[in-house]
Structures are given as C-alpha cells and as structure tokens.
Amino acid sequence: MSIIGWIVLGLLAGAIAKFLLPGRDPGGLIGTTVIGVAGAFTGGWLSAKLLDRPIQNELFDLATWGAAVGGSLVLLVGYRLLFGNSRD
C-alpha cells in the first residue's frame with residue numbers, strides 16, 4: 001500500500017477512533033485527523049515489530065484496519081491525557 005493509501009486509511013481510522021471515543025478534543029477535527037494518520041502508521045509499525053504480524057499491502061485487510069484503529073485509539077487517549085479537555 002502506498003503512502004497515500006496509509007493516509008486515507010489513517011483518516012478513516014481517526015474517524016472510527018473519534019466515533020468510539022466521543023467527546024471534545026483539544027485539537028478539534030484537524031488534530032483528530034492528524035492523530036488518525038499518525039495512529040495508522042504507529043499501529044502498523046507496532047503490529048509488524050512487536051506482534052510479528054507484517055501488515056498486508058491491501059487496504060481491505062482486517063488486521064491492517066485493526067492495527068490502524070488501535071493505534072489511533074492509543075494516540076487519541078494519550079493526547080487527551082496530555083493536553084486535557086481545554087474546551088469546557
């Protein structure tokens with residue numbers, strides 16, 4: 001999968017992570033989108049390195065989606081813990 005594919009996957013993974021963890025984020029829509037893209041890359045890398053499960057080069061692989069959404073969730077939770085909810 002190309003870098004464009006990972007970016008698209010990250011955008012969708014960020015939207016899914018935002019759906020699973022609703023609420024206001026300090027960065028808003030753009031921050032959540034960037035977290036989604038970074039989470040897709042992070043989840044894919046961790047899956048390949050720590051779980052010894054290389055990511056397939058297909059956009060519709062369930063393990064690839066799981067790694068991307070999982071990475072996005074981890075980064076979104078970490079972002080909320082670090083920066084808090086500043087829009088109350």
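Tutor: The discussion below concerns helix packing in this predicted model.

Student: Why are H1 and H2 called roughly perpendicular to each other?

Tutor: The axes of H1 (residues 3-20) and H2 (residues 28-49) cross at roughly 115°. Angles of 65 to 115 degrees count as roughly perpendicular, and H1 and H2 are therefore described in that way. Their axes come within 7 Å, and the crossing is right-handed.

Student: Which residues of H1 and H2 make the contact?

Tutor: Among them are Trp-6, Gly-10 and Lys-18 of H1, together with Gly-36, Ala-40 and Phe-41 of H2. By class, this contact of H1 with H2 has 7 nonpolar, 6 polar and 1 charged residues.

Student: What makes H2 and H3 oblique to each other?

Tutor: H2 and H3 pack at an angle of about 120°, with their axes 6 Å apart. The range called roughly perpendicular ends at 115 degrees, and roughly antiparallel requires over 145. H2 and H3 are therefore oblique to each other. The crossing of H2 and H3 is right-handed.

Student: How many charged residues has the contact of H2 with H3?

Tutor: That contact has no charged residues; by class it has 8 nonpolar and 8 polar. Residues including Gly-36, Ala-40 and Ser-47 in H2 meet residues including Ala-68, Gly-71 and Tyr-79 in H3.

Student: Which residues make up the largest nonpolar core?

Tutor: Trp-6, Leu-9, Ala-13, Ala-40, Trp-65, Ala-68 and Val-69 form this core of 7 residues. H1 and H3 (62-83) each supply at least two of its residues.

Definitions and conventions. Residues numbered from 1 in each chain as written. Predicted model: local features only at pLDDT ≥ 70, side-chain atom pairs only at ≥ 80, totals over all residues. Heavy atoms only, no water. Axes fitted to C-alpha atoms, helices over the stretch in contact; angles between N-to-C directions. Helix = DSSP H or I, 4+ residues; strand = E, 2+ residues; numbered from the N terminus. Parallel < 35°, antiparallel > 145°, perpendicular 65-115°, else oblique. Left-handed = near helix turned anticlockwise from the far one by under 90°. Contact = heavy atoms within 4.5 Å. Nonpolar A, V, L, I, M, F, W, Y, C, P; charged D, E, K, R; others polar. Core = buried A, V, L, I, M, F, W, Y, C linked by side-chain atoms within 4.5 Å. Buried < 20%, exposed > 50% of the residue type's maximum accessible area, 1.4 Å probe, protein only.
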